[in-house]
Structures are given as C-alpha cells and as structure tokens.
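Here are my notes on this one, in the order I'd go through them with the model open. Have a look at the structure before you read on.

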Amino acid sequence: MLYFYKSISPHAIENLNKYLDYFFAQLFANAHPVYDHAHYIEADFNNIVDEYTEQIDNKLEAIFNAYVTLPPNEKLIVHNVYHTNSNILGICNMTVIPIKYTGLPPAIRVQIKSLYDNLWGDNKILGYTQVVNKCGTLKAHFNTFRETNEYSVCPFCGMDCLLCEHDDGRDDYDHYLPKSIYPFITVNFANLFPMCHNCNSKSKGQIDTPFIPATTTQRPLYYPLDNTIADHKINLGIQSANTDLDNPNTWTLHIDCEPAANNLKMESWKQVFNIESRYKATISKESKIWKGWILKKHTTLCKKNGVSYQAFYEDASETFEDYFNIDKGILMKTFYDFILNDPNCENNLNGVI
Ligand SMILES: [Zn+2]
C-alpha cells in the first residue's frame with residue numbers, strides 16, 4: 001500500500017468487540033455451568049443484551065450451549081481460532097497462521113455465523129440505538145479517522161480521494177481479512193479500514209487475503225496501521241520505446257518498494273488490489289490528456305513567457321509531488337517523470353510530443 005493509516009484506538013466503536021471478547025474469555029474459562037448474564041455478560045453490555053434478546057442474547061446462549069457440549073479438543077480449537085484470528089498484525093507478518101471458518105468444529109459453526117452475520121453494518125446490530133449509545137456511530141468513527149488521517153487519497157490505490165468529515169456519507173469500511181472466512185473479527189476495528197469503493201468492491205471483494213490464491217500457502221501482507229516500517233515507499237516507473245502509451249500492452253510499468261525486504265508484502269498488495277492492471281489502464285486512458293497538460297505548460301512558460309527549459313522542467317516535475325492529496329496523483333507523477341526524463345523531451349515539446 002502507498003502509505004499507512006494512523007490508528008485512532010481506543011475509540012468507543014471498539015466496545016462491541018470488547019463485550020464479545022469478555023463473553024468468549026468467560027466461555028473459554030468455563031466461568032459457570034449455565035449461561036447467565038452475571039457470569040457471561042460484561043456489566044456495560046447488559047442493557048444491550050436485555051434489549052435485543054433475539055439478535056444478541058439468544059445467539060450468545062446458542063454459542064454457549066454448542067460450546068459446552070464440545071469435546072475438550074474441539075473446545076481448544078474454538079479458543080485457538082478466536083485468539084489467533086484476533087492477532088491481525090501477527091497474521092499480516094506471518095507470525096501466526098489464521099484459521100478459516102471451515103476450521104471450526106461443525107457443531108458450533110452455524111451458531112457463530114448466526115451471531116456475527118448480524119453484527120456488521122449501519123442497519124445491523126452496530127446501528128441499533130442501545131449499541132450506538134455505547135459505541136457511537138460508524139460515521140462518527142469515520143469522521144475522527146479522517147480528521148486524524150489527513151492524506152486525501154485511498155492508501156490502497158492512490159487513485160480515488162476518500163470522503164472527509166465534512167461529507168454527509170462515508171467511505172466503505174473494508175474487512176481486510178474477510179468476515180465470511182474469519183467471522184470472529186467482523187467488528188474488530190484492527191481489521192476494518194476505510195477504503196475507496198473501487199478497491200473495496202471491484203478489486204478486493206472476498207479475496208482470502210492472507211493466502212496465495214488457490215493455495216494453502218500463507219503470504220505476508222502490509223498491515224494498514226503499521227507505522228513501524230521506516231522510509232516506506234512504493235516506486236513506479238514507465239518503460240516504453242516511445243511516448244505513445246495508448247495501448248497498455250506496448251509498454252511496461254515497473255513497481256518496486258522501499259525497503260526492498262518488504263517485496264513479498266508489496267506483491268500481495270498488487271495482487272489483492274489488482275494494482276498493475278488498474279494503473280496501466282488508467283495511464284493509457286489518460287495519457288493523451290496528461291501529455292496535453294505538459295505541452296500547454298511548456299507553451300505558456302517557455303514560448304509565451306520566455307522561461308528557461310530548466311525552470312519549466314523543475315516546475316513541471318514538482319506538479320504532483322503532493323500526490324497523496326491528488327486523485328490519481330501518483331500516476332500523473334509517474335507519467336510526468338517518464339515524459340520529462342525522456343532525453344528528447346525538449347525537442348519534442350518544441351515540435352509535438
Ligand atoms: Zn482505493
């Protein structure tokens with residue numbers, strides 16, 4: 001990914017997951033032989049559970065009843081899945097291996113799915129009045145998140161600007177590890193990140209991010225809140241025999257990362273978000289317009305105002321330096337670098353590129 005988000009944890013929206021953490025911790029500790037609120041429901045969660053009997057209370061009780069009848073080795077599996085899958089940073093760095101829904105004991109799968117399917121979304125449990133009173137709204141969380149994270153573009157692609165706290169709506173929250181495969185982290189905000197619609201719905205979808213497609217081989221992932229990587233950078237470069245980029249099949253887009261040790265994380269990012277294909281398609285589509293901008297700038301500065309070619313070059317090169325705040329800015333910068341660093345650029349601009 002292009003840059004990392006700053007965390008706004010702790011935030012009230014995390015409370016729902018904390019209540020569930022409490023329930024499962026009590027369950028795994030065999031807190032009491034019978035399901036009751038005194039032993040299994042955190043005090044702060046009680047009025048929510050009382051209010052939404054069918055949606056929450058009955059579903060927690062169903063999980064309890066399924067769990068207590070499991071043999072000890074299967075109880076251990078449920079415990080292990082819960083704790084392993086909650087370690088999202090560890091999964092991204094491959095210090096732990098995530099366990100899929102299908103790895104849960106069959107006798108408890110349906111009960112877990114039934115609870116978690118109801119949790120996510122404005123119109124589901126997270127949007128219910130009593131839950132909002134304890135957790136706030138997704139929009140309120142989004143506003144604080146966007147105020148804290150000042151760059152405009154989606155960090156996963158750099159092509160679309162995200163909405164901001166002043167907009168009526170909000171961007172999609174992506175389950176970085178899909179909730180359909182890892183249901184326990186459905187409302188874990190270490191797994192939920194604002195993302196542009198094209199990345200979330202059109203590119204990523206339900207991809208099982210921690211694994212190489214169609215294999216059981218785990219792969220490393222960038223963790224979207226990882227601010228431990230010093231000097232992280234994605235570099236792009238166009239390689240082409242000429243400046244006509246209309247056809248994406250006639251030129252190459254080179255992509256690498258700094259530090260180079262994160263190359264495998266970068267490769268996962270490229271695959272999950274279909275980066276190379278999207279970038280090449282956009283550059284090919286826009287290249288004529290972007291060439292026109294360079295030509296116009298050259299005409300205005302050099303031909304009309306007598307500015308030196310060197311001054312024009314420096315001015316044009318700096319146009320998209322702030323590319324995390326400009327839609328497609330990283331691609332426009334890459335295109336400008338390609339055109340301006342062509343040894344024939346000055347001659348071409350004095351004729352036609
Ligand atoms: Zn995006």
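1. Start with the two domains: the centres of domain 1 and domain 2, taken over C-alpha atoms, are 41 Å apart. The assignment puts domain 1 at 12-204 and domain 2 at 233-350, with bounds that come from an automatic or database domain assignment. Bear in mind that this is a predicted model, where local features need pLDDT of at least 70 and side-chain atom pairs count only at pLDDT 80 or more, while totals for chains, interfaces and linings use all residues. Residues are numbered from 1 along each chain as its sequence is written.

2. The domains do touch: twelve residues of domain 1 are in contact with twelve residues of domain 2 (contact here is C-beta atoms, placed from the backbone, within 7 Å).

3. For the overall picture, the C-alpha atoms fill a box of roughly 85 × 40 × 30 Å along the principal axes. There are 15 helices and four strands (DSSP runs numbered from the N terminus, H or I of at least four residues for helices, E of at least two for strands). Of the 353 residues, 35% count as buried; that takes 20 or more other C-beta atoms within 10 Å of a residue's own, with 12 or fewer for exposed and partly exposed in between, C-beta atoms again being placed from the backbone.

4. Now the inside. The largest nonpolar core has 88 residues, and Phe 23, Leu 126, Cys 154 and Phe 335 have the most contacts inside it. (A core is a set of buried Ala, Val, Leu, Ile, Met, Phe, Trp, Tyr and Cys residues joined through C-beta atoms within 7 Å.) Helix α14 (residues 329-340) gives the most to this core, with seven residues. Both domain 1 and domain 2 supply at least three residues each.

5. Which residues of α1 are buried? They are Leu 16, Asn 17, Tyr 19, Leu 20, Phe 23, Phe 24 and Leu 27. These cover an arc of only 155° around the axis, so they sit on the same side of α1; the arc is that of the directions from the helix axis to the C-beta atoms. The buried residues of α1 pack against α2 (37-40), α4 (53-68), α5 (72-86) and α8 (129-135).

6. Some backbone spots to check. The bond from Ser 9 to Pro 10 is cis, with omega near 5°, and Pro 10 is in the segment before α1. Another cis peptide bond joins Glu 258 and Pro 259, with omega about -10°; Pro 259 lies in the loop between β4 (252-258) and α11 (263-272).

7. Asn 274 has phi of about 55° and is partly exposed, with 17 other C-beta atoms within 10 Å. Lys 328 has phi near 60°, and this residue is buried, with 22 other C-beta atoms within 10 Å.

Key: Two residues are in contact if their C-beta atoms, placed from the backbone, lie within 7 Å.
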